[in-house]
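Dear colleague,

Here is the structure we spoke of handing over, with some notes on what came out of it. Please read the notes with the structure open beside you.

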Amino acid sequence: MELTLGSPQLAGVETDALILLEAEGEKRADLEKPLAGLYESGEISGKLLEFTLLHGVEGFRARRVLVAGSGKPEKLDAAGLRKIASAAVRFLKGKGVKSAVFALEGGAATAANVAAVATGVVAGSWEPDRLKSKKEPGKAVASVEIAVSAAGDGLEKAFGRGKVIGEALNLSRDISVEPPNILTPTAMAERAREMAKGTGLSFEVLDRDRMRQLGMGALLGVAQGSAEPPAFIVMQYKPEKATGAAHLGLIGKGVTFDTGGISIKPSEGMEKMKYDMCGGAAVIGAMQAIARLKPGIAVTGIVPAVENMPGGKAQRPGDIVTSLSGKTIEILNTDAEGRLILADAITYAIQLGCTHLVDAATLTGAIAVALGHTSSGVFASDEALLERWMSAAKDAGEKMWRMPLDDEYRDQLKTVYADIQNIGGRWGGACSAAMFLKEFAGETPWIHLDVAGTAWLDDEKPFLAKGPTGIPLGSFVNLAMGW
Ligand code: BES
Ligand code: ZN
Ligand code: ZN
């Protein structure tokens, strides 16, 4: 899709569809006369995400006008505009519309809003249909222009940033939606390599031999049940002029399929576990955006990619492995594999010199029990980092809810046979999982995101296709950009 920023005169613009925002409880002066009947009948109320598509509206040269409800004016923020823009594109492509102009009029044309609309338009154009041999005809809006009254330098920059984030979200979702027979750990590393090519990122994949040399026993234990070799992906961004000494480490769980291993999962719904690499895909997408947007902070992206299978060489409940940190771990459930690969990834990030860490993982079913599909769980060991994170997430429109890290949860992980065991008790599973990771983050300021409830959408929404959501890519990028 071609996306541009411009300043056309709205009444005269020729396009398949002109998108005009309509606030709740307000009537647009330019539509009041041509749409008097609709206003009177209450069919246009301005409620958020209410769409009314009209042909040949008097006073406009556009072939169609899409009146897009933007809700209560005092409630409308950048996150809301991103949703409206996404939903509008998704609505219009269903109608066979090829070109559209999205009007951000008057005070609405702020940098944050322009960026949000750009992200929304690009993300809204995405469909999870990469592997359909015949695409539905007409299912794409070919060009969109964001119309503002005067496009200055600030708006141009914001527009570019929004577009880059939208494209990164789509890359991340393209990777996430690939099925596990195609997206093996090796293939995931190849996707990351293709992304990194020509961006200036340094790129490396550690193979099984290298991981053995280093002593990544926790990760290798998970990988050993699969015929697919593991791949440890490292992507590094270095700013030309760093604004400080901070070095951000972004780590994403990359389990390309989670059968549970010997502690095998029930077959019903197991196909969903192809999504167990969404945290890793968000890191790969975020690194693409970071390479393009060039923040002033060094950022290292790490994705331990493995497949969790119950092969003849698979690890057993009762095995004890030695992690990269030197700590020994008793495996009591091979399905608690995410924390094992993340333990080694966290240690490796610290060895690389990362001063601040954020990991994202589809780690526990328990977080979805606690928070549903609305908010991601946030566990933070450092208040200053948490503050930065929550503000980055708010701007990205990605909902986050803080969960507790408390030594009482650590008690559940005690074992006499090793330094720590890999599962806690029946209750508070997301919290004991986080405490397991904390053991490896140590004193390094660290945030753990459990995105098991938010990384995948089972039923499409007006503003979001079914499938991977890309969460928390937007927050990752905002965190780096705002440092
Ligand atoms: N990838 C899963 C997390 C998951 C489970 C997401 C169910 C969505 C639904 C993770 O590796 C896992 O299997 N976790 C176990 C941990 C348990 C064995 C302590 C879980 O949550 O059941
Ligand atoms: Zn598992
Ligand atoms: Zn898993």
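Predicted model: local features only at pLDDT ≥ 70, side-chain atom pairs only at ≥ 80, totals over all residues.

Residues are numbered from 1 along each chain as its sequence is written, chains are lettered from A and ligands numbered from 1 in the order in which they are written, and side-chain values use heavy atoms, with hydrogens and water left out.

β12 and β13 belong to an open sheet of three strands with the order β12-β13-β17 and mixed pairing. Its edge strands, each pairing on one side only, are β12 (320–322) and β17 (420–421). Within the sheet, Ile320 stands opposite Glu330 in β13.

The largest pocket has a volume of about 1300 Å³. A pocket here is an open set of points on a 1 Å grid over the protein atoms alone, where a 1.4 Å probe fits, with protein on both sides within 12 Å along at least five of seven lines, and lining residues have an atom within 4 Å of a point; grid points are joined across faces, edges and corners, and a volume is the space filled by probe spheres set on the points. Of the 49 residues that line the largest pocket, Ala79, Arg82, Ala396, Gly397 and Glu398 lie nearest its centre, and α3 gives the most to the lining, with six residues. Domain 1 (2–165) and domain 2 (183–481) both give residues to this lining, so the largest pocket lies between them; the domain bounds come from an automatic or database domain assignment.

The second largest pocket has a volume of about 620 Å³. It is lined by 26 residues, with Lys265, Leu363, Thr364, Gly365 and Ala366 the closest to its centre, and the largest share of its lining, four residues, comes from α11.

Lastly, the cysteines: a search of the whole structure finds zero disulfides, a disulfide being a pair of cysteine sulfur atoms within 2.5 Å. Cys278 is buried, with a relative accessible area of 4%, and Cys354 is buried too, at 5%, where buried means under 20% relative accessible area (1.4 Å probe, protein chains only).

With best wishes

Conventions: Helix = DSSP H or I, 4+ residues; strand = E, 2+ residues; numbered from the N terminus. Buried < 20%, exposed > 50% of the residue type's maximum accessible area, 1.4 Å probe, protein only. Pairing = 2+ DSSP bridges.
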